[in-house]
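Hi,

Here is the structure I promised to pass on. Have a look at it first, and my notes follow below.

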Amino acid sequence: MDRETAAQAIEAFLRALGRDPQRDPDLSGTAARVVQAYADDLFQGYGTDVDALLSSNVFAGRTELVVVRDVPVVTTCSHHLMQSIGSATVAFAPEEHLVGIGTVARVVDAFARRLALQEQIGERVVAALQKHLAPRWTACRLLLTHSCMIARGERTHGARVETIALAGGDVDEMAVYSALGVGR
């Protein structure tokens, strides 16, 4: 990542909007802070190799159902570069392999802390767990508040967007939705 070029681009963006960082003391250092926020936090998921993370944390074992609830999610929408905040619930029905529950949370975070649409995050989480664990089924529910819907456009304060990603064999969708807490 070229932080210097990114900071110059932020300054050019502000100037194009009529705000000169050289003349406005409130904007002094803003470009560097924005770059640091995106590079070191909001986009840190690009630095996570999800395949390696999962490969190194899978172990033999079986249980009827694993549900990891209320995993914090912060993501940046690729449409407006604005954040969406909320939580994920991940559920899977293991066959022969398990993974640490902290690893499940790290997988969610790795896919969320990238430029992504909400629907893509859930699909990527499910695909990664299906690939490495080969469970009977895997599901991911995301419940997010989109700042692009609050701060601009529709200004729909309090609205949350719920998406469900699901993969696997013969699945009783109602049982999966119940495990994920859909409707609660």
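Tyr46 is partly exposed, with a relative accessible area of 48%. This is a predicted model, by the way, so please read everything here as computed from it.

Tyr46 has a ring partner in Phe43: the centres are 5.8 Å apart and the planes stand at 90°, which makes the pair edge-to-face. Phe43 itself is buried, at 18% relative accessible area, because the cut-off for buried is under 20%. Phe43 also pairs with Tyr38, again edge-to-face, with 5.2 Å from centre to centre and 75° between the planes. Tyr38 comes out as partly exposed, its relative accessible area being 22%. Searching the whole structure turns up two aromatic pairs, and Tyr38, Phe43 and Tyr46 make up one aromatic cluster.

Now for the helices. H1 covers residues 3–16 and H2 covers residues 30–42; their axes come within 8 Å and cross at roughly 125°. That angle is why H1 and H2 count as oblique to each other, and the crossing of H1 past H2 is right-handed. On the H1 side, the contact is made by Arg3, Ala6, Ala7, Ile10, Glu11 and Leu14. H2 brings in Thr30, Ala31, Ala32, Val34, Val35, Gln36, Ala39 and Asp40. Sorted by type, the residues of this contact are nine nonpolar, two polar and three charged.

Cheers

Technical notes:
Residues numbered from 1 in each chain as written. Predicted model: local features only at pLDDT ≥ 70, side-chain atom pairs only at ≥ 80, totals over all residues. Heavy atoms only, no water. Axes fitted to C-alpha atoms, helices over the stretch in contact; angles between N-to-C directions. Helix = DSSP H or I, 4+ residues; strand = E, 2+ residues; numbered from the N terminus. Parallel < 35°, antiparallel > 145°, perpendicular 65-115°, else oblique. Left-handed = near helix turned anticlockwise from the far one by under 90°. Contact = heavy atoms within 4.5 Å. Nonpolar A, V, L, I, M, F, W, Y, C, P; charged D, E, K, R; others polar. Phe/Tyr/Trp six-rings, centres within 6.5 Å; stacked < 30°, edge-to-face > 60°. Buried < 20%, exposed > 50% of the residue type's maximum accessible area, 1.4 Å probe, protein only.
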